[in-house]
Amino acid sequence: LLFFRITLRLRRLTSDMEIFRNSDFSASPDLSPFLKGRSGDEIERLGSIFAQMAERITQLIKELRQTDILRREFIANITHDLRTPLTSLRGYLETLLLKEGEVTPEEYRNYLTIAFKRSDQLGKLVSGLFELARLDSPDVQVRFESFSLGELMQDIVQKFQLVVEKKKIRLQTDFVEDLPFVFADIGLMERVFENLIENASRYTPEGGSITTAVVPKEQRLMIKVSDTGSGIRPEAIPFLFNRSHRLKRERPKDAEGAGLGLAIAKRILELHGSDIDVQSVVDVGTTFMFTLPI
């Protein structure tokens, strides 16, 4: 009887361990009933350590399962994004083969133009996937250096001028000339600006405008990329940078893009120790904001 009472707590702990194992490590055991108020002996310390380990294991398994769900959603979305242009590309090429000699030169050129656009869309999507994989790699290198943010923004705005003019959108900058230099990776920051401006141009209608602005803020520069586009519903904003979530956002039928640009921009800014915020009003416009050190 004495031996039974001495080993009671140990047997209860062993039983809880077995229950935890049989639950597929999904339910943390409650060890407080027979550990509470004890004098800190070896069994209590063992139970306390086991409880902490069980809680940590349960949390890690939940995170892994959530990550697996996001991975499956991401693959499903990317599969859809790949299939859509690929199906269109194949359809137009098959039409050209089946109607060889029957289509007019104008129709022939039109089919090839559409096929080329779909091929280009596929190329951008694949490039985006590779870029995300590279940025998520632990071996990614960020080359910090001091450079003029104003000059970089002017170069990027000039690069997009022809594109936005075709859409009859006004692209402008708003910052003083003597801005302090920022300390960042100039190549990666160029990618951030390109993605944000490209995203803004997709959702900004004819006659609208896109503005890139810089405002000094303490020891950092606040950068804003604003548009007068369709805006984003408040309930959709939390999922905006989630590469696994497909947003139901109004956009022109001719708008193109793989939808990975914002996820890439956010990841680049994370590598710089910065975050990106969004302010948006439906049918008024959207502003993306982030800061960089000087």
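**Reading helices, burial and contacts in a predicted model**

Reader: Is aspartate 283 buried or exposed, at 67% relative accessibility?

Author: Buried means under 20% relative accessible area, exposed means over 50%, and partly exposed lies in between (1.4 Å probe, protein chains only). At 67% relative accessibility, aspartate 283 is therefore exposed. Keep the source in mind: this is a predicted model, where local features need pLDDT of at least 70, side-chain atom pairs count only at pLDDT 80 or more, and totals for chains, interfaces and linings use all residues. Residues are numbered from 1 along each chain as its sequence is written, and side-chain values use heavy atoms, with hydrogens and water left out.

Reader: Where does aspartate 283 lie?

Author: Strands are DSSP runs of E with at least two residues, helices are runs of H or I with at least four, and both are numbered from the N terminus. Aspartate 283 sits in the loop between β6 (276–281) and β7 (285–293). Its phi is positive, about 70°, although aspartate 283 is not a glycine.

Reader: Which phi does glutamate 218 have?

Author: Glutamate 218 has a positive phi of about 55°, and glutamate 218 is not a glycine. The loop between β4 (209–217) and β5 (220–227) holds glutamate 218. With 77% relative accessibility, glutamate 218 counts as exposed.

Reader: Which residues does glycine 229 touch?

Author: Contact means heavy atoms within 4.5 Å. Not counting residues up to four places away in sequence, glycine 229 touches Tyr203, Thr204, Pro205, Asp283, Val284 and Gly285. Glycine 229 is in the loop between β5 and α8. It counts as buried, at 5% relative accessibility.

Reader: What does the side chain of serine 280 reach?

Author: A polar contact is a pair of N or O atoms within 3.5 Å; within protein, one must be able to donate a hydrogen and the other to accept it, and residues adjacent in sequence count only if both atoms are side-chain atoms. The serine 280 side chain reaches the backbone nitrogen of isoleucine 232 at 2.7 Å. It also reaches the backbone oxygen of glycine 285 at 3.3 Å. Serine 280 belongs to strand β6 and is buried, at 19% relative accessibility. Residues up to four places away in sequence aside, serine 280 touches Gly231, Ile232, Ile237, Gly285 and Thr286.

Reader: Is leucine 221 buried or exposed?

Author: Leucine 221 is buried, at 0% relative accessibility. Strand β5 contains leucine 221. Leaving aside neighbours within four places in sequence, leucine 221 has contacts that include Leu149, Leu179, Val182, Val214, Phe290 and Ile294. Valine 182 is 39 residues away along the chain, yet the two C-alpha atoms are separated by 7.6 Å.

Reader: At what angle do α7 and α8 pack?

Author: Axes are lines fitted to C-alpha atoms, for helices over the stretch in contact, and angles run from 0 to 180 degrees between N-to-C directions. Helix α7 (residues 186–203) and helix α8 (residues 261–271) pack at about 150°, with axes 9 Å apart. Angles under 35 degrees count as roughly parallel, over 145 as roughly antiparallel, 65 to 115 as roughly perpendicular and the rest as oblique. So α7 and α8 are roughly antiparallel.

Reader: Which residues of α7 and α8 meet?

Author: On the α7 side are Leu188, Met189, Arg191, Val192, Asn195, Leu196 and Asn199, and on the α8 side Gly261, Leu262, Ile264, Ala265, Ile268 and Leu269. Ala, Val, Leu, Ile, Met, Phe, Trp, Tyr, Cys and Pro count as nonpolar, Asp, Glu, Lys and Arg as charged, and the others, Gly among them, as polar. The contact of α7 with α8 has nine nonpolar, three polar and one charged residue.

Reader: At what angle do α2 and α4 pack?

Author: Helix α2 (residues 8–22) packs on helix α4 (residues 42–98) at about 10°, with axes 11 Å apart. That makes the two helices, α2 and α4, roughly parallel. From α2 come Arg9, Leu10, Leu13, Asp16, Met17 and Phe20, and from α4 Ile43, Glu44, Leu46, Gly47, Phe50, Ala54, Ile57 and Thr58. This contact of α2 with α4 divides into nine nonpolar, two polar and three charged residues.

Reader: How many helices and strands does the protein chain have?

Author: The protein chain has eight helices and seven strands. Of its 294 residues, 36% count as buried. Among contacts between residues at least 6 apart in sequence, 73% join residues at least 24 apart.
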